[in-house]
Amino acid sequence: MGKEAFIDSAEQHILHTYNRNQIVLERGEGVYLYDTDGCKYLDFAAGIAVQALGYGNKEYNDALKQQIDKLIHTSNLYYNAPIIEAAGKVCQASGLDRVFFTNSGTEAIEGALKAAKKYAYEKDGCTDHEIIAMEHSFHGRTMGALSVTGNAHYREPFEPLPGIVKFAEYNNLDSVKALVNEKTCAIIMETVQGEGGIYPAEKEFLSGIKKICEENDILLILDEIQCGMGRTGAMFAWQNYGIKPDIMTCAKALGCGVPVGAFVVTQKVADASLKPGDHGTTYGGNPFVGAAVSKVFDIFEEKNLVAHVKEISAYLEEQLDKLVEEYDLVAARRGMGLMQGLELSVPVGEVSSKALEHGLIVITAGSNVLRFVPPLVIEKEHVDEMVEKLKKAFGECR
Ligand SMILES: *Cc1c(COP(=O)(O)O)cnc(C)c1O
């Protein structure tokens, strides 16, 4: 089938919930993708911050192939070795104590919210607890995750959404304080807001929230689904802040391409929240994803990827800052590590489309931000190539 035939068939049979770019991707190698016409693309999106290792990592691929031949799925009624190893590595890397594996990010959020609600319920037996979330947040598309997502466009058609959720302004501690009361059971936020436009939490904001949580026995849920797994130059973004959440959610790069997420809790939360029968999943944490997660942590360590991110992201920031200086249409740069955004004064969708024509994959965030979330394995030469291609796109969008 040629490209047109693929796209025609897709538009006949796949529910139209995405306006997709008009290319059919076929294979990947390193930090490049190739479409069915043989065109090559430098990938600065990584499947939305998923492909941290890039494409075709032999060690990772071999581990998955071997696991497929051994055992793919068992259900959670039995133990399996790969996921036990994976859980140990998540706990080791985070300093948190207990993991529940899910199949996606949004499910990790659902689990985190259930854990927080159960924790509060165990204390007072009440069911009217409140959650504080942030404006312009994104936590996923299922009903519970939508309930804490601060974006009217995503929420409105699906209301009423579960729970009592109040929205504070990100990086405005007073706006959070104004919402705290004796019914507040959790504060949920992204350590670095992704979809909302790449906004890192300010240090005083996050430490202020941590203090509120400690003083009132409110659980701090940090959504690390996009900013976690080394992307910000620490294994988890909150490790840059010298604080620790009570619950953390992971997904995206956790399995580097296999569908897996997790919510991870402290022993305090584990002891007083979800008990046998309170939560479950058929697929979640099967041996196949276990092998993937476990291997991902091994490769991160072998390659010293987090240190690499620190180094290469300094170079990326430098080059992006030059664009801010050189181009009137680039208003500002924001971000942390290899999670960067350029705020533009021209339509960002147009820029990313033009970039694609020049063989560069970049995505958008919010209404006016160009988002850079490349594979963590990029090198300087890839940053240079990206800038060169992006300049061509800018030239056509002035
Ligand atoms: C992508 C994302 C989610 C949702 O993850 P899915 O796997 O798409 O369900 C939740 N939170 C954040 C911060 C994300 O970036």
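Colleague: Does Ser 75 count as buried or exposed?
Modeller: This is a predicted model, so the answer rests on computed values. Ser 75 sits in the loop between helix 3 (58–70) and helix 4 (81–94). The cut-off for buried is under 20% relative accessible area. Because Ser 75 has 18% relative accessibility, it counts as buried.

Colleague: What is phi of Ser 75 near?
Modeller: Most residues other than glycine have a negative phi. Ser 75 is a residue other than glycine with a positive value, and its phi is near 80 degrees.

Colleague: Which loop holds Ile 198?
Modeller: Ile 198 also has a positive phi in a residue other than glycine, near 60 degrees. At 0% relative accessibility, Ile 198 counts as buried. Its place in the chain is the loop between strand 8 (192–193) and strand 9 (199–200).

Colleague: Is the peptide bond from Glu 159 to Pro 160 cis or trans?
Modeller: Most peptide bonds are trans. Pro 160 is in the loop between helix 7 (152–155) and strand 6 (164–168). With omega near 5 degrees, the bond from Glu 159 to Pro 160 is cis.

Colleague: How are helix 3 and helix 11 oriented to each other?
Modeller: The axes of helix 3 and helix 11 (residues 287–303) come within 9 Å and cross at roughly 155 degrees. Angles over 145 degrees count as roughly antiparallel. Helix 3 and helix 11 are therefore roughly antiparallel.

Colleague: How many charged residues are in the contact of helix 3 with helix 11?
Modeller: On the helix 3 side the contact has Glu 59, Tyr 60, Ala 63, Leu 64, Gln 67 and Ile 68, and these meet residues of helix 11 including Phe 288, Lys 295 and Glu 302. By class, the contact of helix 3 with helix 11 has ten nonpolar residues, one polar and, as asked, charged residues numbering three.

Colleague: How are helix 4 and helix 11 oriented to each other?
Modeller: The axes of helix 4 and helix 11 are 7 Å apart, and the helices pack at an angle of about 40 degrees. Roughly parallel needs an angle under 35 degrees, and roughly perpendicular runs from 65 to 115. Helix 4 and helix 11 are therefore oblique.

Colleague: What is the hand of the crossing where helix 4 passes helix 11?
Modeller: The pair packs at about 40 degrees. The contact is made by residues of helix 4, among them Pro 82, Ile 83 and Val 90, and residues of helix 11, among them Val 289, Ala 291 and Phe 297. These residues divide into ten nonpolar, two polar and three charged. The crossing of helix 4 past helix 11 is left-handed.

Colleague: What distance separates the C-alpha atoms of Ile 83 and Ala 291?
Modeller: Ile 83 is in helix 4, and at 11% relative accessibility Ile 83 counts as buried. Beyond neighbours within four places in sequence, Ile 83 is in contact with Phe 101, Gly 285, Asn 286, Val 289 and Gly 290. Ile 83 and Ala 291 are 208 residues apart along the chain, and their C-alpha atoms are separated by 6.8 Å.

Colleague: Which residues is Ser 352 in contact with, leaving aside its neighbours within four places in sequence?
Modeller: Ser 352 is buried, with a relative accessible area of 12%. With those neighbours set aside, the residues in contact with Ser 352 are Val 362, Thr 364 and Leu 370.

Colleague: How far apart are the end C-alpha atoms of helix 14?
Modeller: Helix 14 (residues 380–395) has 16 residues. At 1.5 Å a residue, helix 14 should span 22 Å. The separation of its end C-alpha atoms agrees with that, at 23 Å.

Colleague: How are helix 12 and helix 14 oriented to each other?
Modeller: The axes of helix 12 (residues 305–326) and helix 14 come within 10 Å and cross at roughly 20 degrees. Angles under 35 degrees count as roughly parallel. Helix 12 and helix 14 are therefore roughly parallel.

Conventions: Residues are numbered from 1 along each chain as its sequence is written. This is a predicted model: local features need pLDDT of at least 70, side-chain atom pairs count only at pLDDT 80 or more; totals for chains, interfaces and linings use all residues. Side-chain values use heavy atoms; hydrogens and water are left out. Helices (H or I, at least four residues) and strands (E, at least two) are DSSP runs, numbered from the N terminus. The expected span of a helix is 1.5 Å times one less than its number of residues. Axes are lines fitted to C-alpha atoms, for helices over the stretch in contact, and angles run from 0 to 180 degrees between N-to-C directions. Buried means under 20% relative accessible area, exposed over 50%, partly exposed in between (1.4 Å probe, protein chains only). Contact means heavy atoms within 4.5 Å. Ala, Val, Leu, Ile, Met, Phe, Trp, Tyr, Cys and Pro count as nonpolar, Asp, Glu, Lys and Arg as charged, and the others, Gly among them, as polar. A crossing is left-handed if the near helix is turned anticlockwise from the far one by less than a right angle, and right-handed if clockwise.
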